[in-house]
Amino acid sequence: MSEPSYTSLPTSHLPGSVPAVITEERASTMQQDPEANMQIFPPNSGGGGRGYQTLTSPSDENGPPPGTNWNGAFSVSSYAQYFNVDTDDVVNRLTSSLYPTGDFFRKIEANPDLYGLIWISTTLVFVIASFGNCATYLMSRKTDSSISWSFDVSYFQVSAMAVYGYAFIVPLGFYLLLQYFGSRVGLVQFWCMWGYSLFIFIISSLLLVIPVDFLRWTITLITGVASAAFVGLNLKSHVELNDLTIVLVAACVLQFALAIFIKSWFFH
């Protein structure tokens, strides 16, 4: 007498059982297009998919396109890639900002950073505010030692608004302008370049403490010309437009105007 076989018993209704076959309809819903699920932020030409990524569910097929999802823009982790630089990278970029050769965008093309923008801007705020007070003290003692002097805290407020506003708004303005004219440029690359262009102002602010007005104006003019040349040459080599005259002149004038403003307001 043969033993009964249990292999033909249905098991799909039993608790804990796993179906052996997945229907084609259900399998198709598990497949997603990776290109449709990637969103790049901030705008970066040639970034190669840099930015945060958002995954969509099958129920979102009829919803808004991925380009309108801005949830990752408010996540700190989304910007971690733009601070992925070491000391050698920062030193190399700081050195390049002092020697305007027009190849800065090529050096940061693979890894533009926002570390330099924030670090240099914050340092410049405290340097021009503190050394500006020291400069006014030395000038007051030079002219009349009997005049009372007090530390002007408003220097920090003015320097913060001026430096942060310039470092973030000016590159954004040029980015939008060049986008309007059809040039493919990257916002992060612009922020990076303009941020490092401010490094020379830190050095000049240290020298502006010298209580000699003629020497101060000489340092200011050299700083303005050097920073304007750095921005102008790099824009000329990076931006793909037939006529850049107006853009280059505007960028150079703004850099030079910043040097004049720092001298006139904090080291008068």
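I call a residue buried under 20% relative accessible area, exposed over 50% and partly exposed in between, using a 1.4 Å probe and protein chains only. This is a predicted model, so I kept to local features with pLDDT of at least 70 and side-chain atom pairs at pLDDT 80 or more, while totals for chains, interfaces and linings use all residues. Residues are numbered from 1 along each chain as its sequence is written, and side-chain values use heavy atoms, with hydrogens and water left out.

**Overall.** I count helices (H or I, at least four residues) and strands (E, at least two) as DSSP runs, numbered from the N terminus. The protein has 9 helices and 0 strands. Of its 268 residues, 37% are buried. For contacts I take heavy atoms within 4.5 Å. Among contacts with a separation of 6 or more, 74% join residues 24 or more positions apart.

**Helix α6.** How many residues of α6 are buried? I get 11 of 11, so I noted the helix as mostly covered. The buried residues include Leu187, Phe190, Trp191, Trp194 and Tyr196. Gln189 and Ser197 are also among them.

**Aromatic pairs.** I pair rings of Phe, Tyr and Trp (its six-membered ring) if their centres lie within 6.5 Å; planes under 30 degrees apart are stacked, over 60 edge-to-face, and the rest tilted. Searching the whole structure gave me 13 aromatic pairs. One of them is Phe105 with Phe190, a tilted pair at 6.1 Å centre to centre and 45° between the planes. Phe105 sits in helix α3 (residues 104-108) and Phe190 in helix α6 (residues 187-197), so this pair ties together parts 85 residues apart in sequence. Both Phe105 and Phe190 are buried. I then found that Tyr115 and Trp119 are stacked, 6.4 Å centre to centre with 5° between the planes. Both of these belong to helix α4 (residues 115-143), 4 residues apart, about one turn of the helix. Tyr115 is partly exposed at 35% relative accessible area, and Trp119 is partly exposed at 34%.

**Asn133.** Is Asn133 buried or exposed? It is buried, with a relative accessible area of 1%. Asn133 is in helix α4. Leaving out residues up to four places away in sequence, I find Asn133 touching Trp149, Ser150, Phe151, Asp152 and Tyr155.

**α7 against α8.** I fitted axes as lines to C-alpha atoms, for helices over the stretch in contact, with angles running from 0 to 180 degrees between N-to-C directions. Helix α7 (residues 199-207) and helix α8 (residues 213-238) pack at about 175°, their axes 10 Å apart. That makes α7 and α8 roughly antiparallel (over 145 degrees; under 35 is roughly parallel, 65 to 115 roughly perpendicular, the rest oblique). On the α7 side the contact uses Ile200, Phe201, Ser204 and Leu207, and on the α8 side Ile219, Thr223, Ala226 and Ser227.

**Record check.** The unreviewed UniProt entry annotates "transmembrane region" over residues 114-138, 158-178, 190-208, 214-233 and 245-266. Residues 114-138 are 96% helix and 0% strand, with end C-alpha atoms 36 Å apart. Residues 214-233 are 100% helix and 0% strand, with end C-alpha atoms 29 Å apart.

Terms used. UniProt positions renumbered as here; feature names shortened; annotations may be inferred.
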